[in-house]
Amino acid sequence: MKVKSVLQINKAICSMIAVVMMVLLFSTSAFAKAYVQNWNLVDSGKHLDYDGNSTYMSYIKTGASTWNAYKSGVIRPDSALVIQDVYVSDVNSANGWAGMTYSSGKIELNTYYMSNYSTSQITNVAAHELGHALGLDHSTSTDLMDAAITSHSSTQALSQNDKDSYDEAYKNY
């Protein structure tokens, strides 16, 4: 039986440590964190069907396109063949928020603030609220699901956090 030298053992240990460190580094930096609520408005058919009388329905449609570009066909307008999962309406109140999504199946867009927003900001609010309806929670400042999304001057694309959160939320449907 051969006895390995201390140098060979140390070299093997260093190699194993390097591999473990690379795995840990890759797993923490390559994947974004998922931000998921404990409720969503997606139906048993894995769709989120919307309807409403909001002034901003065209922005809801554009916001749906943002999410559907990542997972095609999940968010869709209500039709005669399906029951709506979420209803979009307007409120006018100086309450500090531009949009609100409720677990009861309602999205409210606040004309008090949104009437002064740019097209990009309105689109971001609409997409953000649809994200809540999908089951996503607020996340970081570089994401569509950032709580202060209206501060972004251009239309937000989905970040890796947004996608990872959507994947995490959607795996339960």
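Buried means under 20% relative accessible area, exposed means over 50%, and partly exposed is in between (1.4 Å probe, protein chains only). Helices (H or I, at least four residues) and strands (E, at least two) are DSSP runs, numbered from the N terminus.

I noted what kind of model this is. It is a predicted model, where local features need pLDDT of at least 70, side-chain atom pairs count only at pLDDT 80 or more, and totals for chains, interfaces and linings use all residues. Residues are numbered from 1 along each chain as its sequence is written, and side-chain values use heavy atoms, with hydrogens and water left out.

**Entry: confidence**

I checked pLDDT, the predictor's confidence in each residue, from 0 to 100. The chain averages 85, and 80% of the residues score at least 70. Over residues 18-30 pLDDT stays under 50, and the model has two contacts there beyond four places in sequence. A contact means heavy atoms within 4.5 Å. Where pLDDT is low, the predicted coordinates should not be read in detail.

**Entry: the whole chain**

I counted five helices and five strands. From the N terminus on, they run α-β-α-β-β-β-β-α-α-α. Buried residues make up 40% of the 173 residues. Among contacts between residues at least 6 apart in sequence, 61% join residues at least 24 apart.

I looked at the length of H4. Its 15 residues reach 21 Å from first C-alpha to last, close to the 21 Å expected at 1.5 Å a residue. The expected span is 1.5 Å times one less than the number of residues. Just after H4, Gly 135 takes a positive phi of about 110°.

Next I looked up Ile 149, in the loop between H4 and helix H5 (160-170). Is Ile 149 buried or exposed? Ile 149 counts as buried because its relative accessibility is 4%. Beyond four places in sequence, Ile 149 touches Asn 124, Val 125, His 128, Asp 143, Leu 144 and Gln 156. Asn 124 is 25 residues from Ile 149 in sequence, yet their C-alpha atoms are 6.5 Å apart.

**Entry: the largest pocket**

I found about 290 Å³ of space in the largest pocket. Of its 19 lining residues, the closest to the centre are Trp 97, Ala 98, Gly 99, Glu 129 and Ala 147. On a 1 Å grid over the protein atoms alone, a pocket is an open set of points where a 1.4 Å probe fits, with protein on both sides within 12 Å along at least five of seven lines; lining residues have an atom within 4 Å of a point.

Which element gives the largest share of the lining? H4 does, with four residues. Strand S4 (99-102) also supplies at least two.

**Entry: H2**

I saw that helix H2 (residues 57-68) has twelve residues. Its buried residues include Met 57, Ile 60 and Trp 67. The buried residues of H2 pack against several elements, among them strand S1 (48-52), H4 and H5.

**Entry: two loop residues**

I ended with two loops. Lys 46 lies between helix H1 (6-29) and S1. Lys 46 has a positive phi of about 70° although it is not a glycine. Lys 46 is partly exposed, at 37% relative accessible area. Thr 55 lies between S1 and H2. Thr 55 counts as exposed, at 59% relative accessibility.

Key
Grid points are joined across faces, edges and corners, and a volume is the space filled by probe spheres set on the points.
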